[in-house]
Amino acid sequence: QLPAMSCAAEAEPADHHGHDHGHDHGHDGHSHDDPERGVEGQLFQCIDMPNVRCLNEHEDGAGKTVLKSYAERLDRTKFVQSDCDEQLILFVPFSSNLKIKSIHIWGEAGEEHPQTLKVFKNRAGIDFDLAESLEPLQEWKLVDNPSGPAAYQTKISQFQNVHSLTLYFPDNFGADTTKIFYVGFTGESTKVVRDTVITLAEFAANPKDHKTDARDLNLNSKPVS
């Protein structure tokens, strides 16, 4: 049991006018010129990478590889592809409390690109059954942008004090499997060091059984007192 390190946002700002097309995909009433949004730093260094988990990934550990730095966001050699159907769940814990302002997604062009994203906050152990039954914190219809990541703005008031996010991709544009190259986050770090206690069971005895019930995982985190 080791305390997680505090993190700081990367120096590069979110590129809303380049590959990260910053249209208001969240439909939350904010624009990128809204001063209420403030500065959006890249939060790659805040990801608790050893404890990232992906359900229904084609290869064990592939889900982690799409959580790239801003500089590596266009790298297509690392990706996650769904296994037995088109659905993916990516659980992303963070090493400090965050204010998440945008989520950036880039998938394979065409039918393999994810179509919908549902996000849940500060709740570990969400499997596919729970993801279908729970009300997401926010939901987006994604755009198939072949040139690079698209940015999806959050409802900032709902994305404060975030210490983990679960990203659920329930469908795509028609293919049997979904393929994602990049997932990134922008916002602010509150630099609160967290003490994370994580106990992981084996996902499955059979390595082919990628659609493991996430309730087999016991993930709990608490702030340092």
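**Burial and aromatic pairs in a predicted model**

Student: Why is F94 called buried?

Tutor: In this predicted model, F94 has a relative accessible area of 2%. The term applies under 20%, so F94 is buried.

Student: How many aromatic pairs does the whole structure hold?

Tutor: A search of the whole structure gives 5 aromatic pairs. One of them joins F79 and F181, with 6.2 Å from centre to centre and 75° between the planes.

Student: What makes the pair of F79 and F181 edge-to-face?

Tutor: Two values decide the matter. The centres must lie within 6.5 Å, and F79 and F181 have theirs at 6.2 Å. An angle over 60 degrees counts as edge-to-face; at 75°, the pair therefore receives that name.

Student: Where in the chain do the two partners lie?

Tutor: F79 is in the loop between α1 (62–65) and β4 (80–81), whereas F181 is in strand β10 (residues 179–199). The pair thus links distant parts of the chain, 102 residues apart.

Student: How do you know whether F79 and F181 are buried or partly exposed?

Tutor: The relative accessibility of F79 is 23%. F181 stands at 1%, which is under 20%, so F181 is buried.

Student: What kind of aromatic pair do F94 and F185 form?

Tutor: Their planes make an angle of 85° and their centres are 5.5 Å apart. Because edge-to-face requires over 60 degrees, with centres within 6.5 Å, the pair is edge-to-face. F94 belongs to strand β5 and F185 to strand β10, so the pair ties together parts 91 residues apart in sequence. F185 has 2% relative accessibility and is buried.

Student: Which residues form one aromatic cluster with W106?

Tutor: F79 and F181 form one aromatic cluster with W106.

Student: What makes K179 a charge over the ring of F79?

Tutor: The charged end of K179 sits over that ring, 4.2 Å from its centre; the distance limit is 6 Å. Likewise, R73 lies over the face of Y70, at 4.0 Å from the ring centre.

Student: Why is E108 called buried, and where is its place?

Tutor: E108 has a relative accessible area of 14%, and the limit is under 20%, so E108 is buried. Its place is the loop between β5 (88–107) and β6 (116–121).

Student: How do you know that the side chains of E108 and R76 make a polar contact?

Tutor: Their distance is 3.3 Å, and the cut-off is within 3.5 Å. Among the residues that E108 touches are also K179 and F181.

Notes
Residues numbered from 1 in each chain as written. Predicted model: local features only at pLDDT ≥ 70, side-chain atom pairs only at ≥ 80, totals over all residues. Heavy atoms only, no water. Helix = DSSP H or I, 4+ residues; strand = E, 2+ residues; numbered from the N terminus. Buried < 20%, exposed > 50% of the residue type's maximum accessible area, 1.4 Å probe, protein only. Polar contact = N/O pair within 3.5 Å; in protein donor to acceptor, adjacent residues only side chain to side chain. Contact = heavy atoms within 4.5 Å. Phe/Tyr/Trp six-rings, centres within 6.5 Å; stacked < 30°, edge-to-face > 60°. Lys NZ or Arg CZ within 6 Å of the ring centre and 35° of its normal. Lists of a residue's contacts leave out its neighbours within four places in sequence.
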